[in-house]
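My notes follow the order in which I checked them.

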Amino acid sequence: MANGPIAERNRDATIYVGGLDDKVSESLMWELFVQAGPLVNVHMPKDRVTMMHQGYGFVEFMGEEDADYAIKIMNMIKLYGKPIRVNKASAHQKNLDVGANIFIGNLDPEVDEKLLYDTFSAFGVILQTPKIMRDPETGNSKGFAFINFASFDASDASIEAMNGQYLCNRPISVSYAFKKDAKGERHGSAAERLLAAQNPLSQADRPHQLFADAPPMGMMPPGMPMAPPPPPVSMLGAAGAFPPPPGPPGHFQGSFPPPPPPGGRPPPGWRPPPPGAAFNRPPFPPRAPPPPNANYDGNYDGYGENGYNY
């Protein structure tokens, strides 16, 4: 299903699909990825002798947005029991192994490659599918795995954050893996870090760390008015309301002016209130009798003395 030369393909709209099982065909790849958007072609390089594909392929979409959408929904899904790796074809070519390989031990049998990818991809770009060591006969997990990051910043952050944390009710151990060519030496040495710092391609990608963080206090979006601060307690009255505004000079709030201070002379025009003036309130108007109720016959309409219907 490869149409046209490879050089004429739109690389920005082309994705790389790795980790494919031998039973995966180009027609199956087309049926799978056409769900993400219109396709242009599907190409799976094959061995010239056996005519079998080599475990990876390329899918070209009509637009770059469809390719990005396919990466989000198709990465790490399982085909014939194997998780596939989906990313941009250009990113697959430029990502280089810098040696940021970590070892994860004491894994629960229920932990699979997708769970490891979803958990550790928050710390940085993962170059390859997390490799869980399994029994070749039963396919069961042996309890440990390896992850290859694109930078030492990501591997350092994952070790610091995840070592000793629980994953599927088991505390996992996270550390740098041993090198294959050097017995007893782990990855993350000073020489590897120096080489990784000199490689600009290893720092080109960044993980998706889109978390729902609320904006910090005091930083409001522009154009949004800020609420006024609450009034101090001393300005509130006894009932929690604001005091009335002050009146004009010479005006006293209430029915009578306040008494003069002890030992001082009364202000001009001050007169003591008449005896009993504070208690001589006008009488309330007489209350009218309640209207007669024609339906009331003296009982409680089926309700008991506590208000519950028996």
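This is a predicted model: local features need pLDDT of at least 70, side-chain atom pairs count only at pLDDT 80 or more; totals for chains, interfaces and linings use all residues.

I began with what the buried residues of α2 pack against. They pack against β1 (14-18), α1 (26-33), β3 (56-61) and β6 (85-88).

Next I asked which residues of helix α2 are buried. In this helix, residues 64-74, they are A67, A70, I71 and M74. I then looked down the axis of α2. The buried residues fall within an arc of 100 degrees, so they line one face of the helix. The general rule I kept in mind: an α-helix has 3.6 residues a turn, so residues three or four places apart point the same way.

I checked the other side of α2 too. E65 and K72 are exposed there.

I also looked at what comes after the helix. M76 follows α2, and its phi is positive, near 75 degrees.

Then I turned to the sheet. What is the order of its strands? I read β2-β3-β1-β6, an open sheet of 4 strands with antiparallel pairing. β2 (39-43) and β6 are the edge strands, each pairing on one side only. On average, neighbouring strands here are turned by 20 degrees against each other, direction ignored.

I took a closer look at β2 and β3. Their antiparallel pairing runs over 4 bridges. V42 has V59 in β3 as its bridge partner.

Last, I looked up α1. It packs on the sheet and touches β1, β2, β3 and β6. The direction of α1 makes about 145 degrees with that of β2. I had already listed α1 among the elements that the buried residues of α2 pack against.

Conventions: Residues are numbered from 1 along each chain as its sequence is written. Side-chain values use heavy atoms; hydrogens and water are left out. Buried means under 20% relative accessible area, exposed over 50%, partly exposed in between (1.4 Å probe, protein chains only). Helices (H or I, at least four residues) and strands (E, at least two) are DSSP runs, numbered from the N terminus. The arc is that of the directions from the helix axis to the C-beta atoms. Contact means heavy atoms within 4.5 Å. Two strands pair if DSSP finds at least two bridges between them. Axes are lines fitted to C-alpha atoms, for helices over the stretch in contact, and angles run from 0 to 180 degrees between N-to-C directions.
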